[in-house]
Amino acid sequence: VYLKTFDERHQKFFSPFYDVTPNFKEVHEFLIELFTARDISAECGVMAVVYVDRLFVETGITFDKTNWRPIVFTAVLLASKTWEDANVWNADYTGIFDGLEVEAINRLEREFLCKIGFNLVLTPSTYTKYYFELRSLASISDETFPVKPLDKRVAASLEARTAGATERAKMTLLHASKSLSLDSYEGGMASVSLEDFRRGYKNGGFSTENFV
């Protein structure tokens with residue numbers, strides 16, 4: 001499976017060595033640079049892995065030397081927008097990597113969201129499953145694991161918080177679409193059901209070409 005949007009040969013804003021298979025150190029340094037530049041919470045790393053898995057399942061794509069950076073970057077961006085209490089803007093990420101502009105970030109985000117069916121919802125059980133799997137991998141490789149289990153308060157609000165992020169993402173895409181108005185849905189800016197949203201997507205209303 002090939003997705004051009006995530007191919008660094010057409011982007012070239014993350015690294016000049018986009019056609020070289022990375023080693024562990026290079027992947028680690030990329031993540032450290034990304035997480036420290038925006039002071040991203042460690043919990044976002046767990047969430048990003050969930051979103052990457054969903055992309056793989058929905059599209060059949062897998063990591064390779066030309067796509068891993070754009071995919072990981074976008075998953076972390078979405079996780080940060082979902083997790084953080086403060087507003088996260090794509091423009092905040094433009095200074096991390098040379099040549100990375102808002103338009104390119106918007107394109108990556110739209111493609112990722114469309115491919116996973118805008119499914120950003122995380123239940124406490126899903127988060128916990130990935131948390132322990134990642135902690136186990138860290139233990140096997142003798143790496144430190146900086147993430148703690150969710151406390152009861154955060155766990156109780158996780159599903160609602162991520163569901164809210166899903167609704168905001170749908171509304172943003174609908175608002176930006178040239179071919180489908182929010183007025184076409186009864187209730188206007190009210191919540192659009194995922195079923196209706198997917199129907200519109202399948203009918204061609206949400207192609208990435210529909211955006212300015």
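Tutor: Let us begin with one residue. F97 is buried, with a relative accessible area of 4%, where buried means under 20%, exposed over 50% and partly exposed in between, using a 1.4 Å probe and protein chains only. This is a predicted model, in which local features need pLDDT of at least 70, side-chain atom pairs count only at pLDDT 80 or more, and totals for chains, interfaces and linings use all residues. Residues are numbered from 1 along each chain as its sequence is written, and side-chain values use heavy atoms, with hydrogens and water left out.

Student: How is a pair of aromatic rings described?

Tutor: The distance of the centres and the angle of the planes describe such a pair. Rings of Phe, Tyr and Trp (its six-membered ring) pair if their centres lie within 6.5 Å; planes under 30 degrees apart count as stacked, over 60 as edge-to-face and the rest as tilted. Here the count comes to 7 aromatic pairs. The centres of F30 and F97 lie 5.2 Å apart with planes at 15°, so this pair is stacked.

Student: Which residues do ring pairs link into a cluster?

Tutor: The cluster consists of F30, W68, F73, Y93 and F97. Within it, F30 is buried, with a relative accessible area of 5%.

Student: Why is the pair of Y131 and F132 edge-to-face?

Tutor: The ring centres of Y131 and F132 are 5.0 Å apart and the planes stand at 80°, so the pair is edge-to-face. Y131 is buried at 3% relative accessible area, whereas F132 is partly exposed at 41%.
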